[in-house]
Amino acid sequence: VKDHRTLLDATAILSRDFPDVALHLVGVGPLANEIRARGDALGIGERLVMHGEVEHHDLPTYCRSADLFVSSSLHESQGLAALEAAACGCPVLGTSVGILPEISPDSVHLVPGDAPSLAEGMRVLLRDPTKREALRATSLEAVRSDFSLDRSVEQLVSLYRRVIS
């Protein structure tokens, strides 16, 4: 579902213009060896940093140190990682699945599985700090206004009131 293959392919394409680009992956799963092998086969193995399991309270440090959070998912029911990255002030780019269109409505939302388009979206944002900052600000504001705890409770109470009446 996360479509690491497209993300790795996009990173390989992007590395032609950005020789210092690095892809940091956080988390564990059964595809770790496959991801590492694909990175090596694409010639980006030295740029692929797999952090493994990270404590939840440490994730904001990773998000705040990133130039971009990139989601290549084929499907997301919501996309909590993208929401958390945006809440940390990290610009979020990715496919038009899950919550991404809601947290960055002005951003280009990419077709799942399209590595060249994903690479181009990354390239545009990495080359233009002004666009990256605008995306960061828009996403952070959307998270604060639409996905805060207060807003979530308000929506839940409203839903219960409608069901009860």
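**Strand pairing, salt bridges and a surface patch**

Val70 has Leu93 in β4 as its bridge partner. The model is predicted. The strands β3 and β4, the latter spanning residues 92-95, pair in the parallel sense over three bridges. They belong to an open sheet of three strands, ordered β3-β4-β5, with parallel pairing. Its edge strands are β3 (69-71) and β5 (109-110), each of which pairs on one side only.

A further parallel pairing involves β1 and β2. Four bridges join β1 to β2 (residues 48-52). Within this pairing, His24 has Val49 in β2 as its bridge partner. Between the two strands the chain passes through helix α2 (residues 32-41), and this β-α-β crossover is right-handed. The faces of β1 (residues 23-26) contrast: Leu23 and Leu25 make up the covered face, His24 and Val26 the uncovered one.

Eight salt bridges occur in the structure. One of them joins Glu76 and Lys2, with the closest N and O atoms 2.6 Å apart. Glu76 sits in the loop between β3 and α4 (80-87), and Lys2 in the segment before α1 (4-14), so this pair ties together parts that are 74 residues apart in sequence. Glu76 counts as buried because its relative accessibility is 16%, under the 20% cut-off. Lys2 is partly exposed, with a relative accessible area of 43%.

Arg38 and Asp9 also meet through their side chains in a salt bridge (2.6 Å, N to O). This pair links distant parts of the chain, with Arg38 in helix α2 and Asp9 in helix α1, 29 residues apart. Arg38 is partly exposed at 22% relative accessibility. Asp9, with a relative accessible area of 17%, is buried.

Arg151 counts as partly exposed at 27% relative accessibility. Glu154 is partly exposed as well, with a relative accessible area of 48%. Elsewhere, Asp17, Glu120, Arg123 and Arg127 are linked in a network of salt bridges.

Helix α8 (residues 149-164) also holds Val163. This residue is exposed, because its relative accessibility is 61% and the cut-off is over 50%. Val163 is part of a nonpolar surface patch with Leu156, Leu159, Tyr160 and Ile164. Together, the patch residues have about 550 Å² of accessible area.

Terms used. Residues are numbered from 1 along each chain as its sequence is written. This is a predicted model: local features need pLDDT of at least 70, side-chain atom pairs count only at pLDDT 80 or more; totals for chains, interfaces and linings use all residues. Side-chain values use heavy atoms; hydrogens and water are left out. Two strands pair if DSSP finds at least two bridges between them. Patches are made of residues with over 30% relative accessible area and no salt bridge: like charges are joined within 9 Å, nonpolar side chains (Val, Leu, Ile, Met, Phe, Trp, Tyr) within 5 Å. Accessible areas come from the Shrake-Rupley method with a 1.4 Å probe; for residues, only the protein chains shown count as cover. A salt bridge is a side-chain nitrogen of Lys or Arg within 4 Å of a carboxyl oxygen of Asp or Glu. Buried means under 20% relative accessible area, exposed over 50%, partly exposed in between (1.4 Å probe, protein chains only). A crossover is right-handed if, with the strands pointing away from the viewer, the path from the first strand over the helix to the second runs clockwise.
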